[in-house]
Amino acid sequence: MADTFIKNNLSFVVSICIAVFTAGGIFAEFTALKDEIHLVHERLDEKIVVITKLEDRLLVIEKQLEYERGLLEAYQNGKKK
């Protein structure tokens with residue numbers, strides 16, 4: 001009975017097989033995209049951490065520079081008097 005069904009409906013069986021393989025391929029692509037997005041997200045998080053650290057270092061350097069600038073101005077004003 002199954003043999004006659006397959007013989008009579010060969011195009012239907014082939015269509016079902018194609019649909020199954022196509023669904024598998026689509027699932028694989030979505031899984032690959034999800035993994036790639038996750039990887040990009042992790043790399044972005046790392047870059048944000050690096051940028052934050054650099055901003056903090058820059059702020060410390062700017063504070064030190066302003067301190068030294070004020071100190072030099074104070075010495076120069078003290079010598080003039």
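Modeller: Helices here are DSSP runs of H or I with at least four residues, strands are runs of E with at least two, and both are numbered from the N terminus. This is a predicted model: local features need pLDDT of at least 70, side-chain atom pairs count only at pLDDT 80 or more, and totals for chains, interfaces and linings use all residues. Residues are numbered from 1 along each chain as its sequence is written, and side-chain values use heavy atoms, with hydrogens and water left out.

Ile-6 has 39% relative accessibility, so it counts as partly exposed. The classes are buried under 20% relative accessible area, exposed over 50%, and partly exposed in between, with a 1.4 Å probe and protein chains only.

Ile-6 belongs to a nonpolar surface patch, together with Phe-5, Leu-10, Phe-12, Val-14, Ile-16, Ile-18 and Val-20. Patch members have over 30% relative accessible area and no salt bridge; nonpolar side chains (Val, Leu, Ile, Met, Phe, Trp, Tyr) are joined within 5 Å, like charges within 9 Å. Together the patch residues have about 740 Å² of accessible area. That area comes from the Shrake-Rupley method with a 1.4 Å probe; for residues, only the protein chains shown count as cover.

Which helices supply the patch? Helices α1 (2-8) and α2 each give at least two residues. The largest share, six residues, comes from α2.

Now the rest of α2. Helix α2 covers residues 10-80. Glu-66 and Arg-69 form a salt bridge, with their closest N and O atoms 2.8 Å apart. The rule asks for a side-chain nitrogen of Lys or Arg within 4 Å of a carboxyl oxygen of Asp or Glu. By that rule the count is one. Why do Glu-66 and Arg-69 lie about one helical turn apart? Because they are three residues apart in α2. Both partners are partly exposed: Glu-66 at 46% relative accessibility, Arg-69 at 40%. Side chains of opposite charge can pair when their charged atoms come close.

Thr-52 also lies in α2. Its relative accessible area is 38%, so Thr-52 is partly exposed. From Thr-52 to Glu-68 is 16 residues in sequence and 25 Å in space, C-alpha to C-alpha.

Ala-74 and Asn-8 are 66 residues apart in sequence and 101 Å apart in space, C-alpha to C-alpha.

Finally, the whole chain. It has two helices and zero strands. Its radius of gyration is 35 Å, well over the 12 Å that the globule rule gives for 81 residues, so the chain is more spread out than a compact globule. That radius is taken over C-alpha atoms, and the rule is 2.2 Å times the number of residues to the power 0.38. The C-alpha trace spans about 115 × 15 × 5 Å along its principal axes. Of the 81 residues, 0% count as buried. The chain exposes about 7900 Å², and carbon and sulfur atoms supply 67% of that.
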